[in-house]
Amino acid sequence: ADQLQKRGKVMAEQSDWGIVLQRLEWFFREMRNLPITKIVLAHENVKYNNQTGFNTFGPQFQGSIRFDYAKHFDEIWRLMLIQQQVRAADNSIVAQTHRWIQTAPDQNTEGKTRSNSLGFYELPQLDTLLFKMQGK
């Protein structure tokens, strides 16, 4: 908003979005160099793949960064919600929702891992995941 006001604009134009994307890539690059563990969350992008007949999943980035974001990260995971039908104590069928983190890519999911200490699916307990990645 400050940059728009400096240039006498009220509404963002197409070229302004390019500036935002360049700054986002700069931000990712600078964050990568910090000597700490970083966790970046993104909305999920779901696309139908006509060749395979399945949906593909990846982070929701715009512009050119959506094609080369992976170079900025050591790990790219997907938080998944999986519903399972189970029998309750009263013998009725109920749906239970389980959360899992997919830690590696597959044919339908973009991802990246440099850790050999994590399973393909892990429970979403970040402290436990960080300990495993550090070999503790």
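Visitor: Where is Asn 108 found?
Guide: Asn 108 is in the loop between β4 (93–102) and β5 (121–122). Strands here are DSSP runs of E, at least two residues, and helices are runs of H or I, at least four, numbered from the N terminus. The model is predicted: local features need pLDDT of at least 70, side-chain atom pairs count only at pLDDT 80 or more, and totals for chains, interfaces and linings use all residues. Residues are numbered from 1 along each chain as its sequence is written, and side-chain values use heavy atoms, with hydrogens and water left out.

Visitor: Is Asn 108 buried or exposed?
Guide: Asn 108 is buried, at 17% relative accessible area (buried is under 20%, exposed over 50%, partly exposed in between; 1.4 Å probe, protein chains only).

Visitor: What is Asn 108 in contact with, leaving aside neighbours within four places in sequence?
Guide: Phe 54, Asn 55, Thr 56 and Phe 57, where contact means heavy atoms within 4.5 Å.

Visitor: And Thr 56, what stands opposite that?
Guide: Lys 47 stands opposite Thr 56 in β2. Strands β1 (residues 44–49) and β2 (residues 54–59) pair in the antiparallel sense over six bridges; pairing takes at least two DSSP bridges.

Visitor: Which residue in that hairpin takes a positive phi?
Guide: Gly 53, near 80 degrees, with four residues between the strands.

Visitor: Different topic. What sits over the ring of Phe 57?
Guide: The charged end of Arg 78, 3.7 Å from the ring centre. The rule asks for NZ of Lys or CZ of Arg within 6 Å of the ring centre and within 35 degrees of the ring normal.
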